[in-house]
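Good morning, colleagues. Please bring the structure up on your screens, and I shall begin with the salt bridges before turning to one helix and one annotated region.

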Amino acid sequence: MAEKVILLDMFASMFGMRARVALAAKGVQYEYREEDLRNKSQLLLQSNPIHKKIPVLIHNGKPICESLVILQYIDEVWNQKYPLFPSHPYQRAQARFWADYIDKKLYDAGRKIWTKSGEELEAGKKEFVEILKQLESQLGDEAFFGGESFGFLDVALVTYSTWFHTYESCGGFSIGEHCPKLNQWVKRCLEIHFVSGSLPDPVKVYDFALVLRKVFGIDTS
Ligand SMILES: N[C@@H](CCC(=O)N[C@@H](CS)C(=O)NCC(=O)O)C(=O)O
């Protein structure tokens, strides 16, 4: 039976990008459906009735929700090509721990940078840099979080780099100055064709964020 794979997504979502990178790593053909999150499709509402969020991967009619769950699913189903998870259970547990840390901390800190001003913005920047420094020390002198090769934790984090230009422009700071090793790591990831080929142009993400700032009434210029 031919496989039918649909990804409900939104181009600027760092969560959706994770699924795109993983599917590209595995060479899986799929139908990409861009969602308007202010006017969600019936398919999205039916497929993710709990959170009503993208991304949702629909594999042969069955929906899988939550980007980290989707990554694991993709790795298990298309297991012949490009394993994303480390083979050792301890390393797998560590990768999941840090991916969970990213999800619990980084999104909210980053969001403060482009949606807040004054003290809240400064607090967001400080928090954001501290989290990245923590991740940078976890990377150590390795090429990738997965060691020699790009893996699950790399996928989970690299999608945030498409927002770095937005954070830097809205926050007036340089991530590379604070976290030079992490900056190098981003460059290394982007040298991988299925990574760079799956991620949007950071300038387009920034333009999108600027539109949202106007919608939210943050930017009244
Ligand atoms: N924990 C979720 C987060 C997904 C998420 O926050 N998606 C956002 C777009 S970036 C969304 O669909 N928002 C729509 C809404 O909140 O109504 C994941 O990892 O998949």
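D103 forms a salt bridge with R18, with 2.8 Å between the closest N and O atoms. This pair links distant parts of the chain, since D103 sits in helix α4 and R18 in helix α1 (residues 14–26), 85 residues apart. By salt bridge I mean a side-chain nitrogen of Lys or Arg within 4 Å of a carboxyl oxygen of Asp or Glu. Helices (H or I, at least four residues) and strands (E, at least two) are DSSP runs, numbered from the N terminus.

A word on provenance: this is a predicted model, in which local features need pLDDT of at least 70 and side-chain atom pairs count only at pLDDT 80 or more, while totals for chains, interfaces and linings use all residues. Residues are numbered from 1 along each chain as its sequence is written, and side-chain values use heavy atoms, with hydrogens and water left out.

Is R18 buried or exposed? R18 has 0% relative accessibility and counts as buried, whereas D103 is partly exposed at 26% relative accessible area. Here buried means under 20% relative accessible area, exposed over 50%, and partly exposed in between (1.4 Å probe, protein chains only).

How many salt bridges does a search of the whole structure find? The search finds 10. One of them joins K4 and E31 (3.6 Å, N to O). K4 lies in the segment before β1 (5–9) and E31 in strand β2 (residues 31–34), so the pair ties together parts that are 27 residues apart in sequence. K4 is partly exposed, at 47% relative accessible area, and E31 is also partly exposed, at 32%. K4, E31 and R33 are linked in a network of salt bridges.

Let us now turn to helix α11 (residues 202–215). The buried residues of α11 are V205, Y206, A209, L212 and R213. Viewed down the helix axis, they fall within an arc of 120°, so they line one face of α11; the arc is taken from the directions from the helix axis to the C-beta atoms. Their cover includes α4 (89–115) and α7 (164–171), contact meaning heavy atoms within 4.5 Å. After α11 comes G217, whose phi is positive, near 75°.
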